[in-house]
Amino acid sequence: MPSTVIIGSGRYIPQNIISGKDFYSSEFYDENGQKIEKTNEEIVSKFIEITEIANRRYVDSDQLNSDIAAKASELAIQDAGIDKESLDYIISATNFGDIDENHQQSFMPSLSALVKHKLGIRNPKCVNYDMIFGCPGWVEGMILANVLIKSGRAKNILVVGSETLSRATDPYDRDKMIFADGAGAVVVSASDEEGVGIIADNTQCFNEEEIDYLKNGCSLNPNTDQNQRFVRMKGRKIYEFALKNVPVAIKDTIDKAGLSLTDIDKILIHQANAKMDHAIISRLHKLYNIKEYSDDLTPMTVHEYGNTSVACIPTMYDLIIKGELSGHSFKDGSNIVLTSVGAGMNINAIVYRFPTKK
């Protein structure tokens, strides 16, 4: 049975840097539809203290989600050194598809079909799938790619995660400062080397009361059009849910791989907000009775790029593999974890082992 290995990666990080000061002129409302009387300087300062998100990136007005997905994908294909026509599948992870400046969403044609079109791929046997799975969508796309490769149905698969969340957020909601735009992609391929690539995976879906923790809702400002829909979060509920369930899911995946936490070189966790991510990793170590650990285990990009949902992990992977995230690198033969949590509520994780150089 072939192994599923990453042979190329790419990313697109928008050039428009949005700092906390850019929100000083915003008008914020609470969940009860009441205008928040605190100064915006106070609101932004508290937000940065909790999330550690100082900056985030937004796309240009003329860019769509499919545009930046295609840009990241093109770089991944070039990095892989393959003919784009040799791709058997394109798996595109997204939550909103293309969104225009009027907040109108479009899933027809599908985002993956648009990516294929914008890449100029003519091969009709290259099948396109959209993965709509919340923030864990890109990781779930990798899990699907692994199944397709191990089943013998594919040799080369593009897995891309992209989002333009700046157009999906309520302008009157403080949570809009969490979200950002970006795209990350990898090409995975079948390898004859045994025991490498994706060696374990785990997906869990909690769809009872958790279904309302992260969804679309109307604006918090009751004086605006209440028919428009934006991202709406129950932040405290999500935080408590993640702390309870994500560390256990990660441990289950590591156990499934026949490893321990000390065998893991890096954990690439979805960049939701720094406070939550730090708490999850701390709780994970407690499950292994480990009291002290290095922050080097868990790279962080949320400080400068914000929460880009499905794009977070592949973007971070590309930065590290190309030596562009200070203090972090991957080693031949080492094990890393890729893990995410998000709308649904869904959780997933992968243990990935790098091939050894021959």
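A: **Where α2 meets α3**

Helix α2 passes helix α3 in a right-handed crossing. Please keep in mind that this is a predicted model. The axes of α2 and α3 are 9 Å apart and meet at an angle of about 60°. The two helices, α2 and α3, are therefore oblique to each other.

Which residues make this contact? From α2 come Asn65, Ser66, Asp67, Ala69, Ala70, Ser73, Glu74 and Ile77, while α3 gives Leu111, Leu114, Val115, Lys118 and Leu119. Sorted by class, the contact of α2 with α3 holds 7 nonpolar, 3 polar and 3 charged residues. There is a simple background to such lists: an α-helix has 3.6 residues a turn, so residues three or four places apart point the same way.

Now let us zoom in on Ser66, which has its place in helix α2. Is Ser66 buried or exposed? Its relative accessibility is 0%, so Ser66 counts as buried. Leaving out residues up to four places away in sequence, Ser66 touches Asp98, Leu111, Leu114, Val115 and Lys118. With one of these, Lys118, there is a polar contact: the side chains of Ser66 and Lys118 come together at 2.6 Å.

Ser66 also leads us to Asp98. The backbone nitrogen of Ser66 lies 2.8 Å from a polar atom of the Asp98 side chain. Asp98 itself is found in strand β5, which covers residues 98-99. Asp98 is buried too, because its relative accessibility is 8%, and the cut-off for buried is under 20%. Setting aside neighbours within four places in sequence, Asp98 is in contact with Leu64, Asn65, Ser66, Gln104, Gln105, Ser106, Leu111 and Leu114. Asp98 can also be placed relative to Met108: the two are 10 residues apart in sequence, and their C-alpha atoms are 9.1 Å apart in space.

What covers them? Just after α3 comes Gly120, which takes a positive phi of about 75°.

For comparison, here is another pair of helices. The axes of α5 (residues 235-256) and α6 (residues 274-287) come within 9 Å and cross at roughly 40°. That makes α5 oblique to α6, and the crossing of α5 and α6 is right-handed. On the α5 side, the residues in contact include Ile238, Tyr239, Ala242 and Leu243, and on the α6 side they include Lys275, Met276, Ala279 and Ile280. By class, the contact of α5 with α6 has 13 nonpolar, no polar and 3 charged residues.

Technical notes
Residues are numbered from 1 along each chain as its sequence is written. This is a predicted model: local features need pLDDT of at least 70, side-chain atom pairs count only at pLDDT 80 or more; totals for chains, interfaces and linings use all residues. Side-chain values use heavy atoms; hydrogens and water are left out. Axes are lines fitted to C-alpha atoms, for helices over the stretch in contact, and angles run from 0 to 180 degrees between N-to-C directions. Helices (H or I, at least four residues) and strands (E, at least two) are DSSP runs, numbered from the N terminus. Angles under 35 degrees count as roughly parallel, over 145 as roughly antiparallel, 65 to 115 as roughly perpendicular and the rest as oblique. A crossing is left-handed if the near helix is turned anticlockwise from the far one by less than a right angle, and right-handed if clockwise. Contact means heavy atoms within 4.5 Å. Ala, Val, Leu, Ile, Met, Phe, Trp, Tyr, Cys and Pro count as nonpolar, Asp, Glu, Lys and Arg as charged, and the others, Gly among them, as polar. Buried means under 20% relative accessible area, exposed over 50%, partly exposed in between (1.4 Å probe, protein chains only). A polar contact is a pair of N or O atoms within 3.5 Å; within protein, one must be able to donate a hydrogen and the other to accept it, and residues adjacent in sequence count only if both atoms are side-chain atoms.
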